[in-house]
Amino acid sequence: MAKIFHDTLTVDKDDLLAVCEGILMHEGVPKADANYVAWHLVETNLRGTDSHGVARLPHYVRRLKEGSILAQPTISFEQRAPSLGLVDGGHGLGHLVMRRATEEAARLAETNGAGWVAVRNSSHCGALAPFGLQLAERGMIGIVFTHVDPMVLPYGSRAPFCGTNPICVSAPGANDRTLCLDMATSVVPWNLVANAQQEKSEIPTGWAVDKNGNDTTHPDEVAALYPFGRHKGSGLGIMIDVFSAMLGEAPYGPDIPKMYGNMKEHRRLGGLVGAINIRPFVGVEDFEARISEMVSRLCGLPPMNGFDRVHFPGEPELETKRQREKEGIPIGINILEGLNALAISAGLSPLQSRQTE
Ligand SMILES: NC(=O)c1ccc[n+]([C@@H]2O[C@H](COP(=O)([O-])OP(=O)(O)OC[C@H]3O[C@@H](n4cnc5c(N)ncnc54)[C@H](O)[C@@H]3O)[C@@H](O)[C@H]2O)c1
């Protein structure tokens, strides 16, 4: 994960989970659902993806208060063909909607070999990795997409069209070597810039442009982000909008209500979750052993100058998780202050924090 540099305090994961769960329950989210969303957010911070963890909770709370996210949605599933289905998220929290789509895709793949579930009427679902890893844990290959409002410059354009439309692809591996590529199709996710805005820190050149199309390092001036890899990231982001919008009849690119726009308006986000059952091809244990062997060979390659060694997709997050489980989770001081204000107004004790070492 690209970093922004700012002052942090450290909190324990269990305290953070309890406070996030309590804040969501105060907004009317049932305990089991609040627990899953809190787990998803804290897990995302544990894995080092600070753009999509607890920093986003105040935003979800605001939308819950304004009614554009429903605390107790009706999330429904309709099977459209033996291995295809559609989840209507009922304007619930995106984490719950994408979890349901992932469960349904796995169920279809158990019986029919593969499952593809389109999503509509969802909201921001945070990081995709927890859904991809959910499928890998069931011995399946996972492919997960979602889309967001326009904030990325298509290659050659000065105006944004699609969002930071992420992709997650996962494949189970033995010995903690599950491959999990989870990434925005922009140079960085928008919410890393949002964190920089909150912490009043600069961003590096090359991430974003201002309203005149000039590079900017000032997070408040950001009007759009660059795609990763020039025309390639740009093209992939556009195709992810197709997968996320066109099957489930969700709006696409410029028509998607803005994340930080009208808080009373439903986001109506789409997505697509795919699961491939490995068993009809090869035994899961054999598959996992081969992935593990592939990872060993990959990581054994001689490193380039300036690199310690070669890492596999998903490994940096595993390493950060091991470290943060022991040492706690560093959180920007302004983000922590925002969470504590919510905790207090929900009648909870503020988080205990200590200096980050
Ligand atoms: N829900 C949404 O609307 C939305 C939108 C955009 C992004 N996101 C989320 O934002 C998160 C962060 O995205 P990102 O683009 O900043 O990801 P990133 O750049 O931090 O990582 C991308 C991928 O590269 C791998 N990686 C990183 N360093 C590596 C190395 N040295 N060697 C090998 N592999 C390496 C990581 O394991 C990861 O799979 C993701 O979880 C994504 O799902 C969500």
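A residue is called buried when its relative accessible area is under 20%, exposed when over 50%, and partly exposed in between, using a 1.4 Å probe and protein chains only. The model is predicted, so local features need pLDDT of at least 70, side-chain atom pairs count only at pLDDT 80 or more, and totals for chains, interfaces and linings use all residues. Residues are numbered from 1 along each chain as its sequence is written, and side-chain values use heavy atoms, with hydrogens and water left out.

**A buried arginine**

R56 sits in the loop between α2 (31–46) and α3 (57–66); helices (H or I, at least four residues) and strands (E, at least two) are DSSP runs numbered from the N terminus. R56 is buried but has no salt bridge, a term for a side-chain nitrogen of Lys or Arg within 4 Å of a carboxyl oxygen of Asp or Glu. The nearest side chain of opposite charge, E199, is 8.9 Å away; Lys and Arg count as positive and Asp and Glu as negative, while His and the chain ends are not counted.

What does the side chain of R56 reach at 2.8 Å? It is the backbone oxygen of S51. The side chain of R56 also makes a polar contact with the side chain of Y260, at 3.2 Å. A polar contact is a pair of N or O atoms within 3.5 Å; within protein, one must be able to donate a hydrogen and the other to accept it, and residues adjacent in sequence count only if both atoms are side-chain atoms. Leaving aside neighbours within four places in sequence, the residues in contact with R56 (heavy atoms within 4.5 Å) include N191, A194, N195, Q198 and M259.

**Salt bridges**

The structure holds 19 salt bridges. Three of them are listed here.

| Pair | Closest N and O atoms |
|---|---|
| D33 and R99 | 3.6 Å |
| R120 and D88 | 3.5 Å |
| R138 and E110 | 3.5 Å |

R120 lies in strand β4 (residues 114–122) and D88 in strand β3 (residues 84–88), so this pair ties together parts that are 32 residues apart in sequence. D88 counts as buried because its relative accessibility is 19%. R99, at 22%, counts as partly exposed. Salt bridges that share partners join D88, R120 and E249 into one network.

**Empty space**

Rolling a probe the size of a water molecule over the atoms shows where empty space is left. On a 1 Å grid over the protein atoms alone, a cavity is a set of points where a 1.4 Å probe fits but cannot get out, and a pocket is an open set with protein on both sides within 12 Å along at least five of seven lines; lining residues have an atom within 4 Å of a point. Grid points are joined across faces, edges and corners, and a volume is the space filled by probe spheres set on the points.

The second largest pocket holds about 630 Å³ of space. Its lining has 29 residues, and T8, D50, R324, P330 and T356 lie nearest its centre. The structure has one cavity of 30 Å³ or more, and the largest cavity has a volume of about 60 Å³. Residues lining the largest cavity include V152, C162, T185 and I238.
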